[in-house]
Protein chains: 2
Amino acid sequence: MENTLTNVEINEYLKSLGMKAQAAKTALQRLDTAQKNHALNRAADALVQESERILSANEKDYARAKENGMAEGLLDRLKLTDARIEAMAEGLRQIADLDDPVGEVMETFDRPNGLYIEKVRVPMGVIGIIYEARPNVTADAFGLCFKTGNAVILKGGRDAFYSNQAVTAVIGETMEKEGVDRNAIQLIENNDRAVTTAFMKLKEYVDVLIPRGGAGLIRSVVENSTIPVIETGTGNCHIYIDETADLAKAVPIVINAKTQRIGVCNACESLLVHEKIADKILPALGKALLEKQVEIRGDEAVRAQIPEAHAVTEEDYGTEYLDLILSVKTVSSLEEAVAHINKYNTGHSDAILTEDKAHAQKFLREVDSACVYVNASTRFTDGFEFGFGAEIGISTQKLHARGPMGLKELTSYKYQITGDGQVRP
Amino acid sequence: MENTLTNVEINEYLKSLGMKAQAAKTALQRLDTAQKNHALNRAADALVQESERILSANEKDYARAKENGMAEGLLDRLKLTDARIEAMAEGLRQIADLDDPVGEVMETFDRPNGLYIEKVRVPMGVIGIIYEARPNVTADAFGLCFKTGNAVILKGGRDAFYSNQAVTAVIGETMEKEGVDRNAIQLIENNDRAVTTAFMKLKEYVDVLIPRGGAGLIRSVVENSTIPVIETGTGNCHIYIDETADLAKAVPIVINAKTQRIGVCNACESLLVHEKIADKILPALGKALLEKQVEIRGDEAVRAQIPEAHAVTEEDYGTEYLDLILSVKTVSSLEEAVAHINKYNTGHSDAILTEDKAHAQKFLREVDSACVYVNASTRFTDGFEFGFGAEIGISTQKLHARGPMGLKELTSYKYQITGDGQVRP
């Protein structure tokens with residue numbers, strides 16, 4: 001698994017995966033919804049039935065990671081248990097229960113020359129997913145891609161290698177038993193970095209590449225890939241408390257957005273407060289944040305109200321902490337708040353707290369983010385919270401999909417045009 | 001314009017364009033439809049009023065290109081005349097008349113927790129367009145981007161440099177007179193290749209990059225860009241004449257698709273014929289093609305019916321000729337035709353000629369192209385022919401937009417979420 005291959009060998013290896021995925025793509029596009037749902041449910045059953053095999057592979061990963069000194073939090077993400085395998089299976093069953101977006105006629109046009117044009121929702125084809133050391137992503141990514149008729153090629157983190165291999169094998173074997181092309185799911189079984197980089201250039205065989213993980217992984221994919229990428233995940237999310245805010249709502253929303261779960265992309269990392277209400281809101285807010293062990297980094301006006309706050313730097317404003325730290329800045333206007341957010345945010349989620357409709361409208365319109373909130377926590381940016389029933393990630397780019405991505409966002413479309421002999425004059 | 005800059009100077013230059021585009025982006029998003037349409041019509045008037053200035057700049061380009069030995073066809077594309085400037089102006093007026101897609105509420109969700117979510121169509125922000133030596137693209141690309149509320153940064157071909165500069169100046173000056181940020185349109189005024197490559201990495205300021213031109217330009221953008229790209233243009237388009245085809249429709253459709261205009265991406269480059277009807281269709285088809293000066297490259301069975309045909313090679317099947325050449329192959333089944341097309345096509349446009357509904361359905365479903373036709377010429381793949389009223393290009397990728405791209409395809413969306421204090425449990 002860590003063999004160093006020559007470039008020719010790497011290309012041969014990836015080409016063979018690509019060709020198998022292309023064949024699987026054609027086979028998957030012939031399945032109807034009932035066939036796909038049946039296979040998903042059978043894969044869920046198999047994960048539970050084969051849980052010992054998966055757990056024993058996971059133990060190998062876990063022991064090695066522990067030996068290598070992996071931090072407790074990461075070890076916990078890596079660890080599988082019966083309950084977690086049951087949750088993976090349940091995830092596949094839930095995906096089976098969702099509506100199938102494939103085949104939807106999105107629009108039709110009757111042209112004056114008699115051509116009839118249908119815009120039809122179709123699978124992407126082959127999806128590549130590069131992710132880190134959470135083995136549950138393996139089943140989840142397969143489920144979402146399979147339901148939308150896509151073949152998937154997975155490159156998981158090396159720390160979860162044996163776990164990913166076991167999950168992929170169980171699902172692939174089930175597909176075969178059910179008469180589905182087992183290459184609907186393939187795992188890159190080589191952790192050489194050169195293989196991953198070459199995978200990002202497998203444009204001839206892969207239609208879209210989705211990185212799921214930290215900022216470093218995503219940057220590497222964006223810089224190296226020639227395959228179209230959907231950029232996900234980094235969230236430097238802001239809350240702006242306007243002078244027109246209902247202060248009773250402000251403390252619960254900020255505490256929720258900052259502390260309900262700290263390591264996630266929709267957590268609040270930066271707070272802006274209108275200077276006119278700084279003395280009214282900051283003492284209570286500071287007290288509540290400090291009780292939750294949040295380190296506050298503020299400008300002078302903030303520190304005047306919260307003596308425990310540290311001095312904030314320019315760098316803080318651009319930092320996604322993913323930790324119990326919050327930068328806090330006072331602003332003199334809504335315009336200043338919008339300009340600050342558009343300068344420092346990552347296009348993920350930003351909120352205004354206001355009781356003034358014109359201020360809310362201006363913020364919704366002018367803040368350039370996937371999800372813009374009025375009087376609610378940024379933590380709601382999530383496929384399940386939006387009612388999509390599934391989520392492959394949160395897109396922070398503007399091309400194709402923006403914000404939470406569910407099943408529809410894993411599809412493309414084609415135009416089907418029917419004529420009776422039309423030629424262009 | 002051909003100064004060699006240091007990397008630091010290149011980055012400073014592009015950063016200054018990027019920052020001006022970001023400021024223009026915010027200003028453009030505040031314009032309503034009437035303001036945008038008024039400015040487009042004023043820009044159209046100005047192009048005509050300032051036609052002498054544009055023609056004199058174009059003469060400089062033309063003289064230099066001629067001196068450099070540019071081919072006649074390319075010289076013709078470069079040449080501007082009063083009529084062509086009037087056509088550019090008319091293009092802007094037509095864009096003003098189209099519906100504005102920005103602001104459309106695409107979907108709404110009422111969540112059980114009381115959150116109200118609106119999915120709203122918004123501009124992309126800043127669009128980069130890299131193109132070759134057709135100065136009319138300058139006005140056209142500006143018009144499409146401006147109508148959709150986007151700032152545009154243009155990099156035109158060096159051969160049209162002075163023409164592009166004049167068109168950009170006339171439009172920019174008009175914007176300023178009309179109280180619109182003149183940086184709604186900016187031209188990269190340096191033809192150093194290093195500047196173009198660095199522009200492809202201006203991700204912090206540019207939301208999407210669209211190359212318009214030949215295969216070499218598009219490949220270079222795909223390989224170098226870190227900005228999300230919409231790949232356009234290359235079309236290795238097929239027509240498959242099934243054994244169930246109405247032979248009376250076949251000759252006119254093939255002749256139209258091959259010869260009506262040869263240098264365009266939706267022209268037919270390869271023909272497949274079911275072997276059972278080869279002797280019925282090929283003699284007449286060969287005669288008609290030869291009358292139109294088309295060189296036929298065929299397999300043995302084809303050459304048995306058309307003695308004038310040359311031998312076809314594997315390489316021919318993958319070639320977009322953009323010329324009076326057609327590869328022709330016989331196949332033994334619909335399945336073989338579909339597999340051949342999916343192996344060699346570029347995902348652009350492919351057609352089946354058949355009177356059998358099941359064959360048509362199978363072809364529509366299984367051929368993996370943006371536009372799939374039954375009984376019509378591939379030449380209809382075009383934003384105007386589809387009724388979009390405009391076209392920025394034909395996308396051959398599956399992410400974001402596929403097939404002809406009109407105004408909608410230059411937009412993104414955002415989620416606007418309104419609550420009254422909701423926090424995530």
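Between chain A and chain B there are 49 residue pairs in polar contact, both residues at pLDDT 80 or more; a polar contact is a pair of N or O atoms within 3.5 Å, where within protein one must be able to donate a hydrogen and the other to accept it, and residues adjacent in sequence count only if both atoms are side-chain atoms. This is a predicted model, with local features needing pLDDT of at least 70, side-chain atom pairs counting only at pLDDT 80 or more, and totals for chains, interfaces and linings using all residues. Residues are numbered from 1 along each chain as its sequence is written, chains are lettered from A and ligands numbered from 1 in the order in which they are written, and side-chain values use heavy atoms, leaving out hydrogens and water.

The interface also has 14 salt bridges, meaning a side-chain nitrogen of Lys or Arg within 4 Å of a carboxyl oxygen of Asp or Glu. In one of them K25(B) pairs with D368(A), with the closest N and O atoms 2.7 Å apart.

On chain A's side, K398(A), L399(A) and R424(A) supply 13% of the area, more than any other three residues.

Now the cysteines. There are zero disulfides over all chains, a disulfide being a pair of cysteine sulfur atoms within 2.5 Å.

| Cysteine | Closest cysteine sulfur | Distance |
|---|---|---|
| C371(A) | C237(A) | 8.9 Å |
| C371(B) | C237(B) | 8.9 Å |

Definitions and conventions. Buried area = accessible area lost by both parts, 1.4 Å probe.
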